[in-house]
Amino acid sequence: MPIPIRRPRAASHVLGLALAAALLPAGLGAQEADSVVFKANALEVSIGGRIQTQFNTTTVETEPETEIALRRVRLEATVRVNDWITAKIQPEYAGSRVSVRDAFVRFAFDPALALVAGQAHRPFGTVVPTSSTRILPIERGVRIRGIPDAREHHNLIVDLGYADRDVGLQLTGEPEWAPLGFSYALGVFNGPARAEARQENTYQLAARAAIHPVGPLRLGVSWSRRDFAVQDSANAELLDVRRGHAWAIDAELGRYAPGLHLVGELAMGDLDPATGAKFRGAQGWLGYRTGALGSRRTGIEPVVRISWGDVDGESERLAVTPGTLVTPGVNFYFGPLNRIMVNYDFWSPDGDDDSEGSFKVQFQAAF
């Protein structure tokens with residue numbers, strides 16, 4: 001179904017296409033070098049990072065038509081203390097201040113059991129935990145300047161606090177004796193309500209199990225349970241703490257490599273336990289990457305993404321405009337992770353003809 005855009009700003013979109021075309025021949029280098037590794041006795045430190053510079057437009061009339069932004073600037077260090085203890089830290093430098101994305105230590109007691117302590121992704125779904133250096137679309141969800149309340153599948157589960165990073169303890173494993181390549185992860189985390197109700201002992205649980213039944217096919221199921229702080233809207237007084245739950249199933253066919261690649265995820269759960277409101281969402285990616293086309297251009301990957309969200313009921317805690325996001329695009333690879341990505345996001349909110357759009361070009365260097 002075609003999705004109308006109220007006021008396409010042709011000039012800004014043409015500028016973006018010209019910018020992408022001008023930079024494509026130069027590329028970003030033939031191949032990434034391996035991570036820089038330092039060794040001292042038994043200690044091994046690997047240094048990596050990424051820079052993602054993004055040009056984007058918006059059809060929202062109250063916003064500037066174009067923007068060039070540092071979307072992500074990260075350095076990461078992975079320290080291998082010995083053959084079973086590792087640690088990782090990943091600060092974020094884009095924006096007005098430095099923040100920490102990952103910061104954890106992992107104790108690998110056995111292939112069937114490892115303990116992860118610190119800040120890391122909650123084990124929920126496959127879309128959110130996948131690195132931004134590998135995802136097929138530029139953004140995981142709706143990100144269009146001027147429409148902050150747009151929430152499809154990704155924005156719902158992240159903004160509701162069921163997914164993304166948090167501080168906690170996780171047990172993970174891939175038992176060698178388990179059938180179908182079974183793996184699991186389960187954890188307890190501080191949870192989003194910790195900041196809303198500091199005087200209460202709130203927390204969050206999350207778990208995911210996955211199997212690899214055949215070849216490149218992977219299937220997963222996830223659950224996330226978190227506390228919600230119910231507050232008086234007039235004076236922010238804490239009234240109660242309620243539990244909310246979310247469930248997800250996901251499937252992936254193919255890999256982040258040449259060939260066909262399909263990723264799909266469904267989720268549903270509590271939007272607001274205080275009002276009984278629920279949410280539903282689904283997102284799918286489809287791409288096909290070619291093999292090497294030359295010494296510098298190592299592949300072209302047409303992609304399409306569809307992401308949908310819906311709510312049943314209302315919530316006073318979160319402004320929600322559900323709808324559908326459709327994103328066609330193409331990725332140009334200059335090595336496994338160096339690439340130029342071109343997308344157009346079509347956002348169509350439910351029950352509203354006021355659709356919006358955003359043309360994006362992202363330049364990524366990663367190692």
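Is Leu180 buried, partly exposed or exposed? At 46% relative accessibility, Leu180 counts as partly exposed, where buried means under 20% relative accessible area, exposed means over 50%, and partly exposed lies in between (1.4 Å probe, protein chains only). The structure is a predicted model, in which local features need pLDDT of at least 70 and side-chain atom pairs count only at pLDDT 80 or more, while totals for chains, interfaces and linings use all residues. Residues are numbered from 1 along each chain as its sequence is written, and side-chain values use heavy atoms, with hydrogens and water left out.

The protein chain contains three helices and 18 strands; helices (H or I, at least four residues) and strands (E, at least two) are DSSP runs, numbered from the N terminus. Of its 367 residues, 47% are buried. Among contacts between residues at least 6 apart in sequence, 58% join residues at least 24 apart, a contact being heavy atoms within 4.5 Å. The accessible surface of the protein chain comes to about 17,500 Å², and 60% of that belongs to carbon and sulfur atoms. Accessible areas come from the Shrake-Rupley method with a 1.4 Å probe, and for residues only the protein chains shown count as cover.

Leu180 also draws attention for its backbone. Most residues other than glycine have a negative phi. Leu180, however, has a positive phi near 60 degrees, and its place is in the loop between strand S8 and strand S9 (183-189). Asp164 likewise has a positive phi, near 90 degrees. Asp164 sits in the loop between helix H2 (153-159) and strand S8 (165-173), and is partly exposed with a relative accessible area of 24%.

The interior comes next. In soluble globular proteins, nonpolar side chains tend to be buried together. A nonpolar core is here a set of buried Ala, Val, Leu, Ile, Met, Phe, Trp, Tyr and Cys residues joined through side-chain atoms within 4.5 Å. The largest such core has 16 residues, of which Phe124, Ile157, Leu160, Tyr162, Leu271 and Phe279 touch the most other members. Helix H2 and strands S12 (238-253), S13 (259-272) and S14 (277-289) each supply at least two residues of this core, and the largest share, three residues, comes from H2. Not counting residues up to four places away in sequence, Ile157 touches Phe124, Val128, Tyr162, Ala163, Glu265, Ala267 and Phe279. A second, separate core of nine residues includes Phe334, Val342, Tyr344 and Phe363.

Two strands are taken to pair if DSSP finds at least two bridges between them. Strand S16 (residues 321-333) and S17 pair in the antiparallel sense over nine bridges, with Leu325 opposite Trp347 in S17. These two strands form a hairpin with five residues between them, and Gly335 in the turn has a positive phi of about 120 degrees. S17 also pairs with strand S18 (residues 356-366), again in the antiparallel sense over nine bridges; here Asn343 stands opposite Lys360 in S18. Strand S17 (residues 339-349) has 10 of its 11 residues buried, so it is largely enclosed by the rest of the structure.

Another set of paired strands involves S9, S10 and S11. S9 and S10 run antiparallel and are joined by seven bridges, and Val188 has Leu205 in S10 as its bridge partner. S10 is joined to strand S11 (residues 217-231) by nine bridges, also antiparallel. Val214 stands opposite Leu217 in S11, and Gly215, in the hairpin with two residues between S10 and S11, takes a positive phi near 45 degrees. Thr202 lies in the loop between helix H3 (193-196) and strand S10 (204-214) and is buried, at 1% relative accessibility. Leaving aside its neighbours within four places in sequence, Thr202 is in contact with Asn190, Ala193, Arg194, Asp227 and Val241.
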